[in-house]
There are 2 protein chains.
Amino acid sequence: MLKLVPLGGLGEIGLNMMVVEYGDTIFVIDAGLMFPEAYMLGVDYVIPDMDYLRQNRSRLSGVILTHAHEDHIGALPFLLREISIPVFGTPFTLGVVRHKLEEHDLLASTSMHEVLPRERLKIGPFDVEFIRVNHSIVDGVGLAIRTPVGMVIHTGDFKMSHTTMDGMLTDVNRFAQCGEEGVLALLSDSTNVEKEGHTISSQEIGNELARITEAAKGRIIVALFASNIARIQQIVNIARMRGRKIVFNGRSIEVSVSIARKLGYLNIPEGMEIDIDELSGYLDDEIIMVTTGSQGEPMSALSRMSAGTHKQIKIHSDDTVVLSSKFIPGNEKAIGNIINNLYRQGADVVYEKISRIHVSGHAFREELKMMLNLTKPKFFMPVHGEYRHLVLHTRLAREVGIPEDHLILAQNGQVIELDENGFQIRSSIGAGRVLIDGKGIGDVGRSVLKERRILSEEGLVVVNMAFDEETGIVVYGPDIVSRGFVFETETGHLLQDAQCVILEIVEDVTPDVPNRVDKIRSRLQTALRQYFFFAIGRRPVILPFLVEV
Amino acid sequence: MLKLVPLGGLGEIGLNMMVVEYGDTIFVIDAGLMFPEAYMLGVDYVIPDMDYLRQNRSRLSGVILTHAHEDHIGALPFLLREISIPVFGTPFTLGVVRHKLEEHDLLASTSMHEVLPRERLKIGPFDVEFIRVNHSIVDGVGLAIRTPVGMVIHTGDFKMSHTTMDGMLTDVNRFAQCGEEGVLALLSDSTNVEKEGHTISSQEIGNELARITEAAKGRIIVALFASNIARIQQIVNIARMRGRKIVFNGRSIEVSVSIARKLGYLNIPEGMEIDIDELSGYLDDEIIMVTTGSQGEPMSALSRMSAGTHKQIKIHSDDTVVLSSKFIPGNEKAIGNIINNLYRQGADVVYEKISRIHVSGHAFREELKMMLNLTKPKFFMPVHGEYRHLVLHTRLAREVGIPEDHLILAQNGQVIELDENGFQIRSSIGAGRVLIDGKGIGDVGRSVLKERRILSEEGLVVVNMAFDEETGIVVYGPDIVSRGFVFETETGHLLQDAQCVILEIVEDVTPDVPNRVDKIRSRLQTALRQYFFFAIGRRPVILPFLVEV
């Protein structure tokens with residue numbers, strides 16, 4: 001039997017990681033991270049629990065990457081740090097990975113293998129063919145995995161765009177050939193299953209960008225995802241058309257552009273790019289700037305421009321700022337604030353809600369149906385989505401004719417066993433999420449997050465007192481300090497009154513009472529909690545330090 | 001000169017409050033609150049700074065409410081608690097206000113005056129006419145304010161729906177008559193100025209709801225905003241059509257339904273409503289339930305149903321749950337999680353992204369243009385929006401022919417002076433936001449929020465030590481306690497190593513050093529900060545308590 005074990009991505013957008021297993025051979029498709037949800041206070045990012053790979057490390061033969069987005073490659077350093085296995089991917093994907101592994105000091109110890117679309121790769125009993133797909137990053141692929149029980153297709157992240165800037169159309173013909181050859185199972189991207197119809201073409205985006213730039217009187221500042229090389233190429237082409245110089249600003253853009261140029265994925269005419277320091281030598285209408293911060297990230301170049309704190313770029317009143325990217329849910333407020341501030345600085349701002357300057361990289365419903373119809377799979381398993389996306393994607397597959405009992409609605413950690421005759425899910429392995437905070441991997445769990453939440457909403461009161469060990473007399477305090485609770489200046493009486501509450505308890509519990517300090521501590525906790533809630537309606541964390549000296 | 005002073009709502013969605021002033025008379029339009037933004041940790045809600053009203057309390061003659069949404073009436077108790085003035089509004093608006101003032105113990109001390117659409121109200125030199133507008137709550141109005149310098153129209157929150165369930169169409173004719181009479185200035189709702197075209201009609205929503213309920217095999221559970229009485233009436237009508245009983249669940253729904261029924265805004269046929277405890281007497285396909293929690297609020301009825309923790313309602317596999325409301329930005333993740341969980345429980349879920357079961361209560365661009373063309377104002381001032389909405393709304397007004405220098409792009413706190421000849425903004429009053437946390441009004445400011453943010457992201461380390469006053473010998477500690485920082489069990493060595501760091505400093509600073517404890521405290525801060533960052537990449541708040549006894 002073929003086994004598929006999703007370690008992440010089936011229950012969230014992010015964390016994509018799928019184990020493929022037959023006999024003695026295991027390989028992994030993608031190793032992605034996820035950015036923390038709002039309740040994960042202080043967490044930098046989240047990776048899948050890779051315990052299953054640790055337990056089966058001797059059988060693990062490699063990791064195949066479908067493309068270079070963080071939700072597909074971001075967990076790779078954490079995998080490779082523990083288990084050194086070969087990495088397979090297309091040239092641009094490996095270019096980005098190389099840069100990442102260098103930062104993690106893992107480059108020398110990792111063997112990387114370039115595979116081009118329509119090329120095949122042998123891993124044990126598997127024959128894995130790369131098939132070009134169009135996505136919002138260059139050099140993405142889907143996989144046709146020929147296994148002893150039949151062919152499994154994994155789409156990667158894809159859409160069916162018919163005009164692209166990078167010439168990287170989804171290889172419809174090859175998917176069709178696979179469909180004719182016979183596909184046992186299709187694993188397909190579910191991100192946009194809620195969206196009717198088709199994605200708009202990048203040509204429309206290009207036309208809209210051209211129109212905006214034609215009308216612009218001053219500088220044009222375009223904010224986008226650093227990895228969207230095709231969009232950057234569009235802007236370069238527009239700059240050439242308008243006779244403008246191009247400036248790249250922001251570290252991630254510079255890295256991404258440098259990798260893409262080196263590998264020939266981005267063509268910038270000689271002499272067109274200038275450095276940010278050379279700006280003063282040009283008029284405003286001779287400049288297009290490409291920058292980051294389209295998600296409202298607080299330290300990004302765009303955020304600093306909008307707040308007037310960018311060292312080199314002050315917004316001018318004839319600047320046109322274009323946010324050529326999606327408003328990712330959760331970021332709308334931050335993005336909205338940046339737009340408001342840019343308007344306050346006098347710039348004109350163009351963004352997704354008022355103009356067609358962005359298109360998703362993920363297929364809409366009609367495109368998802370097309371993938372199903374091209375590959376004609378016997379079984380269908382939606383991947384890359386929250387649970388509702390997976391449910392809706394199975395329904396879509398039902399609509400195009402896949403029988404109900406051939407739909408595999410699986411979740412992270414479930415072991416899907418599959419062959420020509422059917423599939424079954426009989427067991428689960430421990431899948432989950434590991435939170436990364438600073439250098440700590442997995443040491444921030446539910447209890448720490450809960451403490452952080454309470455601290456963040458109610459603040460903290462620390463009480464400090466020392467008692468003479470022999471006499472029980474108070475030799476220090478009560479000293480009360482608060483953080484994140486109230487303005488101490490405005491509420492001096494509040495903390496003074498709290499001191500009285502404490503002293504009353506101390507008086508009440510006479511020195512002859514056994515375990516006196518413990519008794520005082522526990523009564524003090526309760527009394528202060530009640531007092532603060534009565535006085536100000538809050539429940540701060542109370543930390544009493546009562547010591548005997 | 002007429003003065004307009006926005007205290008809130010021009011720079012945010014929420015906090016709506018506009019001062020209208022002529023000679024010795026001041027009145028206020030609306031007194032709204034805003035729900036806290038993500039960075040306002042622990043804050044319950046936000047109200048406008050009302051200092052200007054305090055300073056001018058002797059001239060303050062009343063507050064006129066346009067409708068009963070929280071962003072228009074939520075700050076009323078805070079105003080009335082300090083300054084007792086008459087409140088004017090339509091019957092349903094005052095019904096909701098009455099309930100709210102009762103909770104704040106302000107009902108007896110407040111005089112309330114019902115005004116119906118097309119009725120007029122005299123306040124000093126002002127003649128204020130109420131004009132019916134359609135919105136997502138019943139009994140909303142706009143205002144035609146006749147002043148000594150001309151007529152000012154304030155739209156309130158409105159849209160131009162031509163079919164409604166509540167018969168409360170926007171009174172287009174009356175706005176047209178005002179336009180013919182001559183309008184000095186229009187103040188109009190900017191919320192949806194980013195949206196092209198027209199809002200869809202509530203009839204379409206009704207048809208879609210009817211279609212969904214026809215297909216439903218089991219219970220139908222509709223989640224919506226409690227104040228959306230017209231939508232509730234639609235559902236009641238559908239229940240009648242399908243021969244189902246109706247159950248209201250959730251406190252805010254029950255309050256809202258009770259007010260609306262009492263005032264005749266909601267008609268439920270005799271014997272149709274049943275109590276939640278009577279559910280067991282009916283089959284699933286005999287029930288429609290109306291509930292709250294469409295924004296993913298964690299303690300709401302819907303959230304508890306989705307998590308399987310609702311006491312009375314367990315989700316059945318043939319339940320159809322309809323979220324008949326907008327995904328408010330910032331709430332998408334929470335709403336998404338509820339949908340995922342409902343699917344996991346086996347229910348079918350219908351929501352805005354996949355079905356036309358909600359319509360905004362605010363006019364889209366074509367409707368905004370219509371309001372401009374009906375009233376033909378000399379001057380135009382956008383209200384009710386973030387800064388970008390206000391900018392886009394002035395541009396829209398420019399498109400329909402208002403000259404550039406007749407557009408009033410104002411912000412909170414600016415004093416707009418206006419007469420037949422023109423307007424000027426020469427001064428500002430101190431406008432701002434006041435944060436409410438528990439019973440504390442305004443005592444949570446920037447510094448407390450910053451402390452909460454750091455605590456929430458990095459946690460806290462408290463160090464406790466006592467020194468003998470005479471000898472300098474350590475008589476207690478160092479005792480180290482952390483909260484929200486790391487798992488203490490997993491990182492025991494981390495805190496142990498920190499103890500060593502501290503002891504080294506104590507050894508280093510010999511007892512003869514002047515101000516020894518202060519020196520140790522400050523070196524300890526620095527050393528621990530460096531140590532934790534080096535060891536685990538985090539920067540917790542460090543609170544050292546070093547005392548001499």
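**Exercise 1. Decide whether A:D189 counts as buried or exposed, and say where A:D189 sits.**

Solution. Start with the accessibility: A:D189 has 1% relative accessibility. Buried means under 20%, so A:D189 counts as buried. Keep in mind that this is a predicted model. Next, look for the element: A:D189 belongs to strand β12 of chain A, residues 183-189.

**Exercise 2. Find out which residues UniProt marks as "active site", and how far apart they are in space.**

Solution. First, check the record: the unreviewed UniProt entry puts the feature "active site" at A:D189 and A:H362. These positions are spread over 174 residues of sequence, yet they cluster in space, with a largest C-alpha distance of 7.5 Å. Then check the contacts. Setting aside neighbours within four places in sequence, A:D189 is in contact with several residues, among them A:H362, A:D157 and A:H384.

**Exercise 3. Describe the surroundings of A:H362: which element holds it, is it buried or exposed, and what does it touch?**

Solution. Begin with the location. You'll find A:H362 in a loop of chain A, between β17 (348-351) and α11 (365-375). Now the accessibility: A:H362 comes out at 13%, so A:H362 counts as buried. On to the contacts: if you skip residues up to four places away in sequence, A:H362 touches residues including A:H135, A:K159, A:D189 and A:T191. Finally, zoom in on A:T191: its side chain and that of A:H362 are joined by a polar contact of 3.2 Å.

**Exercise 4. Work out which strands are joined to β5 of chain B, and how they run.**

Solution. Take β5(B) itself to begin with: this strand covers residues 60-64, and four of its five residues are buried, so it is mostly covered. Now go to one partner. Strand β3 of chain B (residues 25-29) is joined to β5(B) by four bridges, and the two run parallel. For an example, pick B:I29: its bridge partner in β5(B) is B:I64. Then try another partner. Strand β6 of chain B (residues 87-89) is joined to β5(B) by two bridges, again running parallel. Here B:V63 has B:V87 as its bridge partner in β6(B).

**Exercise 5. Explain why B:Q234 counts as buried, and find what its side chain lies 2.8 Å from.**

Solution. Locate the residue: B:Q234 is part of helix α7 of chain B, residues 229-242. Its relative accessibility is 5%, which is why B:Q234 counts as buried. Now follow the side chain: one of its polar atoms lies 2.8 Å from the backbone oxygen of B:S202. Beyond neighbours within four places in sequence, B:Q234 is also in contact with residues including B:M165, B:I205 and B:L209.

Technical notes
Residues are numbered from 1 along each chain as its sequence is written. Chains are lettered from A and ligands numbered from 1 in the order in which they are written. This is a predicted model: local features need pLDDT of at least 70, side-chain atom pairs count only at pLDDT 80 or more; totals for chains, interfaces and linings use all residues. Side-chain values use heavy atoms; hydrogens and water are left out. UniProt positions are given in the numbering used here, feature names are shortened, and annotations may be inferred rather than shown by experiment. Buried means under 20% relative accessible area, exposed over 50%, partly exposed in between (1.4 Å probe, protein chains only). Contact means heavy atoms within 4.5 Å. A polar contact is a pair of N or O atoms within 3.5 Å; within protein, one must be able to donate a hydrogen and the other to accept it, and residues adjacent in sequence count only if both atoms are side-chain atoms. Two strands pair if DSSP finds at least two bridges between them.
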